Amino acid sequence: MQTTQVAIVGAGPSGLLLGQLLARSGIANVVIEQRSADYVLGRIRAGVLEHTCTDLLEAAGVSARLHAEGLPHDGVCLSFDDRLHRIDLLGLTGKRVTVYGQTEVTRDLMDARRAAALSTVYQADEVRVHDFLDGSAPRVTWVQDGQAHELRADFIAGCDGFHGVCRASVPAEKIALHEKVYPFGWLGVLSDTPPVHEELIYAHHPRGFALCSQRSHTRSRYYVQCSLDDKVENWSDEAFWNELRLRLPAEVAARLVTGASIEKSIAPLRSFVAEPLRFGRLFLVGDAGHIVPPTGAKGLNLAASDVGYLWQALEGFYAGRRGEIDHYSQRALARIWKAERFSWSMTLLLHRFPENGSFGARMQRAELDYLFSSQAAMTALAENYVGLPM
Ligand code: RFL
Ligand code: PHB
């Protein structure tokens, strides 16, 4: 049987960032992941990082490539009624965001973990967490190559995403779940084509929402709102590009450079929060504890801020301030609920909701008109988009 201080379940951005920060503070940890490293790197997800996230990546010593290759964005655009409207993030808040893919963040963290020779188990089957509610000796068990393994730790960090085992292992009477599922999804395409615009465009259109994002000057990421029963196989590249063009202002659509998709997937949209985020010696971190619809670009950033709070709490605990772990859940949830509110409101503002009728559509238009007529409203959007302080 192996022992460590913190057993981390999941090698997504939450688990890997926590592992790196703890190691820098001299706190031993082992990461246990059910997939292979290549599989984790193959998932195309987030693209926009808040400064709170880039600050933590810096603290973890993994920001060299982020600073060299990340694209600072000073503004973001919304489009409706065939026109582009800009929100001056830097002018309104003094802060920017950075466009740098989650895949690259994960790769940098994996490289750093390997360079520091920190222990990581990939392709672990039947991962289970035990004895975390009472006592001080929680355990993680798993099976690899037919062999049973056990890791004893002081704490378990559940960084295993929405479908993970950690939240599912908490007795139902100890956890409250708050959820809203939206009646549509996002169909996303990644392509090696130059982005249609230098900044992101969130498009509100009678045919449905669309988003023009990017990973670099030569790689684009686009999304269109689709129905929940849509299948990726039903969308040829050509059908996708045609639908995207229809939802953008004509002058933007005319500039769209299309090409073969290198990834195409459908993601459902959901808001979800579990309360609390600590159960004895088990902490839930990132998507394991909460989900936001991607409209606000907050999922990865919230995962990073959870990690920031838990890092502080565990550092305090091992420095003799044992009570600091008692505040993790409350501190993290205060920020999570604000990001939930922002992501929900952006989703309601920008998507097509036929079930809300013409009144609902007029309310969206009135809100968009108000937004771009009011410095106060634009500032409120901007300060949420760049990320609220920790
Ligand atoms: P992850 O990334 O899901 O990683 C969890 C890891 O745990 C592993 N795992 C297990 N390991 C061991 N045992 C088990 N039983 C396990 N079960 C699961 C999984 O294999 C996986 O490796 O969660 P984490 O680390 O908390 O990170 C959260 C982020 O991935 C997520 O919030 C973002 O991707 C959300 N998101 C966005 N966030 C942003 O901040 N900005 C964006 O622009 C943004 N765009 C997006 C997004 C998510 C999207 N999708 C597909 C959900 C765009 C999309 C389309
Ligand atoms: C992305 O680039 O994948 C992306 C960007 C902004 C969002 C969601 C996704 O709000």
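This is a predicted model: local features need pLDDT of at least 70, side-chain atom pairs count only at pLDDT 80 or more; totals for chains, interfaces and linings use all residues.
Which element gives the most to the lining of the largest cavity?

**Entry 1: the largest cavity**

I found helix 11 to be the top contributor to this lining, with four residues. The cavity itself holds about 80 Å³ of space. Helix 10 (299-318) joins helix 11 as an element that gives two or more residues to the lining. I then went through the lining residues by name: Glu50, Lys298, Asn301, Leu302, Arg335, Lys338, Ala339, Phe342, Asn384, Gly387 and Leu388. Sorted by class, they come out as four nonpolar, three polar and four charged.

**Entry 2: the second largest cavity**

Next I looked up the second largest cavity, which has a volume of about 50 Å³. Its lining is made of Pro13, Ser14, Leu17, Cys53, Leu57, Val105, Leu109, Leu300, Ala303 and Ala304. Helix 1 (13-24), helix 3 (51-59), helix 6 (102-115) and helix 10 each give two or more of these residues. By class I noted nine nonpolar residues, one polar and no charged ones. I also checked how many cavities of 30 Å³ or more the structure holds, and the count is three.

**Entry 3: the second largest pocket**

Then I turned to an open site. The second largest pocket has a volume of about 490 Å³. It is lined by 24 residues, and those closest to its centre are His204, His351, Gly360, Ala361 and Gln364. Helix 11 turns up again here: helix 11 (328-350) and helix 12 (357-371) each supply at least two lining residues. This time helix 12 gives the most, with nine residues. I sorted this lining too, and it has nine nonpolar, nine polar and six charged residues.

**Entry 4: the whole chain**

Last, I stepped back to the fold. I noted 13 helices and 21 strands in the protein chain. The C-alpha trace spans about 65 × 40 × 40 Å along its principal axes. Does the radius of gyration point to a compact or an extended chain? I put it down as compact, because a compact globule of 390 residues would have a radius of gyration near 21 Å and the chain has 21 Å, which agrees.

I also wrote down that 53% of the 390 residues count as buried. Among contacts with a separation of 6 or more, 72% are between residues 24 or more positions apart. For the surface, my note says that the chain exposes about 16,500 Å², with carbon and sulfur atoms supplying 50% of it.

Definitions and conventions:
Residues are numbered from 1 along each chain as its sequence is written. Chains are lettered from A and ligands numbered from 1 in the order in which they are written. Side-chain values use heavy atoms; hydrogens and water are left out. On a 1 Å grid over the protein atoms alone, a cavity is a set of points where a 1.4 Å probe fits but cannot get out, and a pocket is an open set with protein on both sides within 12 Å along at least five of seven lines; lining residues have an atom within 4 Å of a point. Grid points are joined across faces, edges and corners, and a volume is the space filled by probe spheres set on the points. Ala, Val, Leu, Ile, Met, Phe, Trp, Tyr, Cys and Pro count as nonpolar, Asp, Glu, Lys and Arg as charged, and the others, Gly among them, as polar. The radius of gyration is taken over C-alpha atoms; the globule rule is 2.2 Å times the number of residues to the power 0.38. Buried means under 20% relative accessible area, exposed over 50%, partly exposed in between (1.4 Å probe, protein chains only). Contact means heavy atoms within 4.5 Å. Accessible areas come from the Shrake-Rupley method with a 1.4 Å probe; for residues, only the protein chains shown count as cover.
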